[in-house]
Amino acid sequence: MNTRKRIWSEGKSKERVELLRKAKEEFPNEMTILYDLMYALSAENEKENAEEIISFGERILDESTDDSLRSGAIQCLCYTNVAINNKEQAIKYANMGGNYHTTRYSLLCRVLDGEEAVKHCKDMLLISFDSIFQYVSIMTWKGKFSASDEIRARNFICKFSELLFEDGNCGFYTCRMSENYRMMARAYKALGKTEEMFECLEKAADLSIKFDTMDAEGEYTAFMIKGVKFGGCYKDHTANDSGLLAKELKGKRYSDFEDDPRLNAIIEKLAPIATL
């Protein structure tokens with residue numbers, strides 16, 4: 001693995017920024033470097049680096065004709081303006097994004113033929129799963145769902161997952177399902193449903209361990225997405241999924257269960273894999 005990929009996959013934001021600043025000095029007009037640096041600065045500290053992030057994003061929109069770079073710049077500009085509470089600018093950039101039905105992803109499904117079309121549709125099914133996960137998460141958060149309604153919403157994700165990943169191989173999205181069960185556990189805790197809470201924490205732990213110990217690259221095996229490859233997971237933090245879950249279980253949220261053998265058993269199961 002080359003240095004760039006290693007730093008990206010290990011979530012070392014500071015090293016990532018330093019590497020890209022050096023590259024920018026050497027190639028000040030290279031848009032891909034500005035793009036990567038914009039996202040690296042966002043990962044390091046979105047609020048503190050907002051002015052620089054916005055300047056790079058606007059420069060990409062002014063100077064680049066690469067649609068991929070431009071769309072990514074729009075996304076970063078949206079998120080950064082939200083982070084600094086500049087909603088008006090965030091909405092402006094959001095409205096610059098393309099309509100879902102006219103994106104290259106949607107259009108290529110219609111344009112391509114044969115196996116190439118099938119492969120692209122499989123990719124879109126995976127993108128759809130990630131979209132469903134994100135939309136449900138945003139709905140429960142911004143809609144201030146009750147604990148009961150959050151559980152209903154997150155069970156919707158579980159049902160979709162069972163359909164798409166019918167053989168249990170969720171690939172990259174193993175981390176999404178771990179997070180889903182972690183959030184369900186919180187909701188069950190709020191309702192005082194301890195047994196259900198522990199069931200969800202057990203599932204979250206098993207999925208976190210599976211994700212952290214799986215091969216970095218692989219392919220999906222369920223019928224509707226068979227043969228699609230995954231890999232190259234980049235993150236903005238050095239902790240792994242097991243470490244983040246273990247930290248939460250040891251923290252204030254579950255302090256009233258700190259002497260419960262069931263909680264400690266989950267923490268002990270995570271310990272050999274967990275990194276922070």
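Asp and Glu count as negative here, and Lys and Arg as positive. Keep that in mind for the first stop in this predicted model.

Select Glu15, Glu18, Glu44 and Glu48. Together these residues form a negative surface patch. Is Glu18 buried, partly exposed or exposed? Its relative accessibility is 41%, so Glu18 counts as partly exposed.

Next, select Tyr135, Ile138 and Trp141. They make a nonpolar surface patch of about 390 Å². Trp141 belongs to helix H8, which covers residues 114-142. With a relative accessible area of 62%, Trp141 is exposed, because the cut-off for exposed is over 50%.

From Ile138, go to Ala216. The two residues are 78 apart along the chain, and their C-alpha atoms are separated by 28 Å. Ala216 is in the loop between H11 and strand E1 (218-219).

Now turn to the inside. In soluble globular proteins, nonpolar side chains tend to be buried together. Select Phe165, Leu201 and Leu249. Among the 42 residues of the largest nonpolar core, these three touch the most other members. To see which helices contribute, color H8, H9 (147-164), H10 (174-190), H11 (194-213), H12 (241-250) and H13 (261-270); each supplies at least two residues of this core. Which helix gives the most to this core? H11 does, with eight residues.

Key: Residues are numbered from 1 along each chain as its sequence is written. This is a predicted model: local features need pLDDT of at least 70, side-chain atom pairs count only at pLDDT 80 or more; totals for chains, interfaces and linings use all residues. Side-chain values use heavy atoms; hydrogens and water are left out. Patches are made of residues with over 30% relative accessible area and no salt bridge: like charges are joined within 9 Å, nonpolar side chains (Val, Leu, Ile, Met, Phe, Trp, Tyr) within 5 Å. Accessible areas come from the Shrake-Rupley method with a 1.4 Å probe; for residues, only the protein chains shown count as cover. A salt bridge is a side-chain nitrogen of Lys or Arg within 4 Å of a carboxyl oxygen of Asp or Glu. Helices (H or I, at least four residues) and strands (E, at least two) are DSSP runs, numbered from the N terminus. Buried means under 20% relative accessible area, exposed over 50%, partly exposed in between (1.4 Å probe, protein chains only). The place of a charge is taken as NZ of Lys, CZ of Arg, CG of Asp or CD of Glu. A nonpolar core is a set of buried Ala, Val, Leu, Ile, Met, Phe, Trp, Tyr and Cys residues joined through side-chain atoms within 4.5 Å.
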